[in-house]
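Dear colleague,

Please find the structure below, handed over for your records. My notes on its interfaces follow directly after it.

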Amino acid sequence: KEAVVMSVSGLTEFVGTAIGDTVGLVIANVDRGLHEKMGLDKKYRSIGIIGARTGAGPQLMAVDEAVKATNSEVVTVELPRDTKGGAGHGSLIIVAAEDVSDARRAVEVALKELDRTFGDVYGCDAGHLEFQYTARASYCLNKAFGAPLGKAFGIIVGAPAAIGVLMADTALKTASVDVVTYGSPTHGNSYTNEVVLTITGDSGAVRQAIISAREVGLKVMRAMGQNPVSSTKPYI
Amino acid sequence: KEAVVMSVSGLTEFVGTAIGDTVGLVIANVDRGLHEKMGLDKKYRSIGIIGARTGAGPQLMAVDEAVKATNSEVVTVELPRDTKGGAGHGSLIIVAAEDVSDARRAVEVALKELDRTFGDVYGCDAGHLEFQYTARASYCLNKAFGAPLGKAFGIIVGAPAAIGVLMADTALKTASVDVVTYGSPTHGNSYTNEVVLTITGDSGAVRQAIISAREVGLKVMRAMGQNPVSSTKPYI
Amino acid sequence: KEAVVMSVSGLTEFVGTAIGDTVGLVIANVDRGLHEKMGLDKKYRSIGIIGARTGAGPQLMAVDEAVKATNSEVVTVELPRDTKGGAGHGSLIIVAAEDVSDARRAVEVALKELDRTFGDVYGCDAGHLEFQYTARASYCLNKAFGAPLGKAFGIIVGAPAAIGVLMADTALKTASVDVVTYGSPTHGNSYTNEVVLTITGDSGAVRQAIISAREVGLKVMRAMGQNPVSSTKPYI
C-alpha cells in the first residue's frame with residue numbers, strides 16, 4: 001500500500017502511515033534555514049520524521065528499536081497534547097542521519113514496530129492505560145526520559161491521571177525497581193490527564209512491576225464500568 | 001454499586017466513580033519512593049485521590065467540602081487540559097491523612113458532593129459555562145486559588161474564553177466583590193479555552209455577581225444559537 | 001441573523017458569531033478592576049473580544065484586516081489548546097479603542113473576514129493543514145508573530161506536526177523568503193500537534209512558497225488515505 005501511494009503521489013518524502021494517525025516522512029537535504037531553526041547538528045543533512053495524533057509511548061518505543069537497527073540518531077522528541085480528544089499525548093520525533101537511506105530505513109523500522117508497541121495500549125471511553133517494556137533501552141528512550149542505556153526499562157501510563165498514581169504505587173511495591181521519571185499533568189507532561197511512571201532495573205523486576213500495575217489499572221477501569229481493550233495485541 | 005464493584009474486583013483502593021469520569025481512590029501506605037517523587041509530607045502515610053476527565057471546579061468544590069468534614073489535607077491540585085475534546089480542564093487532586101479511614105472518608109464525601117457541584121456547569125456544542133459558590137471557602141479552594149479561608153467565594157468560567165471576559169466584567173460591575181484570580185488560556189489556565197474569574201467578599205454580593213454573570217453567559221450562548229443545559233441541577 | 005439575535009437577547013455586548021464557534025463581543029466601559037487584571041492601557045475604555053474554539057490563524061488574519069480598517073489596537077493575543085478534539089489552537093484576541101463604536105466596528109470587520117480566512121484551512125480525520133497570506137501585514141500579525149509591518153506575510157500550518165516540518169522545508173526551498181517564526185508543539189505553540197512556519201519577503205515569493213507547501217501537504221494527507229477539504233473556499 002505504501003509503495004502504491006508513493007507512485008501515485010510522486011512524493012519521495014512520504015514513507016508510510018500507521019496506527020494512531022502516525023505518519024513517517026523523510027527529507028534528504030534539509031533546507032539550511034530550517035536546519036538552523038530546528039537546532040540540528042550540522043553533520044546531518046537528512047532527517048526522518050515520525051509524527052502521530054495518538055500515542056507517545058508506542059512511537060518512542062518504535063523509534064528506540066529503529067535507532068538500534070540503523071545508523072541514525074534521535075535529535076528531538078516533542079510531545080503535543082493530543083490523542084484526538086483523548087487524555088494523552090501525540091508525538092513528533094525527529095531522527096537524523098548523514099545519509100538519506102539511513103533516515104528512511106529508521107522511519108520504516110519505526111512504522112513496522114507500531115503494531116506491536118500499541119499492544120498494551122488499552123482504550124475506553126473514560127481514558128486509557130498504557131504499558132511499554134524493553135529489555136534494553138536505547139537512545140530514543142534515553143533522550144525522552146533519561147533511560148539508562150542498555151538496561152531494562154518500562155513505562156506505565158494511566159488516564160485519568162488518578163489511575164496512574166495508583167498504578168505507580170502498585171508497580172513500586174511489587175518489585176524492586178528504580179524510578180526514572182514520575183510525570184503528572186503539570187509536571188513533566190504536556191498538560192495531559194495522565195500520570196506516567198518510568199522504571200528501570202532487573203528485567204524480570206521491571207516486567208513484574210508493569211504486569212502488576214496493568215492488573216490494577218484494568219480492575220479500576222472495570223470498576224468504573226469501562227471495558228478497556230488492547231489497541232492491537234498485548235506483548236508484555 | 002460501589003460496594004458491589006469492590007467485592008467483585010477485590011480492589012480495596014477503589015472508592016467509587018461519579019459524573020465527569022471522576023474516579024476516587026485511596027492508598028493506605030504510599031510506597032516510600034513514590035511518596036518522595038510526589039513531594040508528600042512525611043507525616044502522611046495515606047492518600048486519597050480524586051481525578052476526572054471533565055471538571056476542575058466541581059471537583060475542587062467537592063474536595064473543599066470533604067476537607068471541612070474530615071481529618072485530611074489537600075496536598076496537590078493539578079489541572080490537566082482535558083474535558084474529552086471540550087474546552088476546559090480535568091483534575092487530579094490528592095488529599096492526605098495520617099489514617100487511611102480519614103483519606104477514604106474524604107474521597108467518599110467528595111464523590112457525593114459532585115452531583116451538586118456539577119449543577120451550574122452548562123454545556124453545549126460551542127463550549128461551556130460554569131459557576132460555583134460557597135459561603136465559606138476552605139483549604140482546597142485556598143490551595144487552588146488562594147481563596148481567603150472562611151469567606152464567601154465564587155468561580156465564574158466561560159468557554160470559549162471570550163464569553164468569560166464578558167461574564168467577568170458583568171460580575172464585577174454587578175456587586176462589590178474582590179477579584180482573587182483572573183485566569184486566561186495562557187495565564188493561569190492549562191491552555192484551556194476559558195477565562196476563569198474567582199471572587200470573594202460579602203456572601204450576598206458574591207452570589208449576586210455570579211447570578212448576573214450566569215445570566216449574561218447564557219444569553220451569549222443562546223445568541224450563538226446554542227442551548228446550554230445544566231449537567232445536573234442548578235444550585236446557585 | 002445577528003441583529004435579530006441581539007434584539008431577542010437585549011444584550012448590547014453581543015456583536016455576532018461565525019465559523020469555528022467564533023464569537024464577537026464588545027464592552028463599552030471595561031470594569032476598572034478587570035481593566036487592571038487584564039493589563040490594559042488606561043487610555044482605552046472600550047474593548048472588542050474575538051474568541052473561537054477552532055482556529056487561530058483565520059482569526060488573526062481577520063483581526064489584522066480589522067485593525068487596518070478601524071481606529072483600534074490589538075492588545076492581547078492568547079492561543080488556547082483547542083479545536084474541539086482537533087490538533088490545533090483556538091483563540092482569544094482583544095482589541096481596544098477609545099470609543100466603543102470603533103471597538104464594535106473592529107469586531108464586525110473581523111467576523112466578516114472569517115469566511116475568507118477559513119478558505120485555506122483543510123480539515124480531515126487525521127489532522128489539518130492551514131495557509132494564510134497577506135500582501136501587507138498589520139498590527140495583529142505583528143503582535144502575534146512579530147511580522148514586519150506592511151510587508152507580505154504567510155502562515156503555513158501542518159497537523160500532525162510531522163507534516164508541518166515537511167511543508168516548512170518545501171516552502172523554504174521553493175522561494176527566497178525569510179522565516180519569521182518556526183513553532184513546534186512545545187516551542188512556540190500551546191502544546192498543539194502542529195508545526196507553524198511564518199514567512200515574509202517579496203509578495204510573489206511568499207505566495208509561491210505557500211502554494212508549494214500546500215501542494216505537498218495535501219499530497220501527504222492523501223497518501224495517508226485522507227481527503228482534506230477546504231472549510232469554505234480557498235483564497236490563496
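In this predicted model, the side chains of Asp125(B) and Lys84(C) form a salt bridge at 3.1 Å, N to O; the term denotes a side-chain nitrogen of Lys or Arg within 4 Å of a carboxyl oxygen of Asp or Glu. The count between chain B and chain C is two salt bridges. There are also 12 residue pairs in polar contact, both at pLDDT 80 or more (a pair of N or O atoms within 3.5 Å; within protein, one able to donate a hydrogen and the other to accept it, with residues adjacent in sequence counted only if both atoms are side-chain atoms). The side of chain B that touches chain C divides into 20 nonpolar, nine polar and five charged residues (nonpolar: Ala, Val, Leu, Ile, Met, Phe, Trp, Tyr, Cys and Pro; charged: Asp, Glu, Lys and Arg; polar: the others, Gly among them).

Between chain A and chain C, the buried area is about 2700 Å², with carbon and sulfur atoms giving 67% (accessible area, 1.4 Å probe, lost by two parts on being put together, summed over both). In chain A, Lys37(A), Arg53(A) and Glu78(A) lose the most area to chain C, together 19% of what that side buries. Lys84(A) and Asp125(C) meet through their side chains in a salt bridge of 3.1 Å, N to O.

Residues are numbered from 1 along each chain as its sequence is written, and chains are lettered from A and ligands numbered from 1 in the order written. Local features need pLDDT of at least 70 and side-chain atom pairs pLDDT 80 or more, whereas totals for chains, interfaces and linings use all residues; side-chain values use heavy atoms, without hydrogens and water.

Yours sincerely
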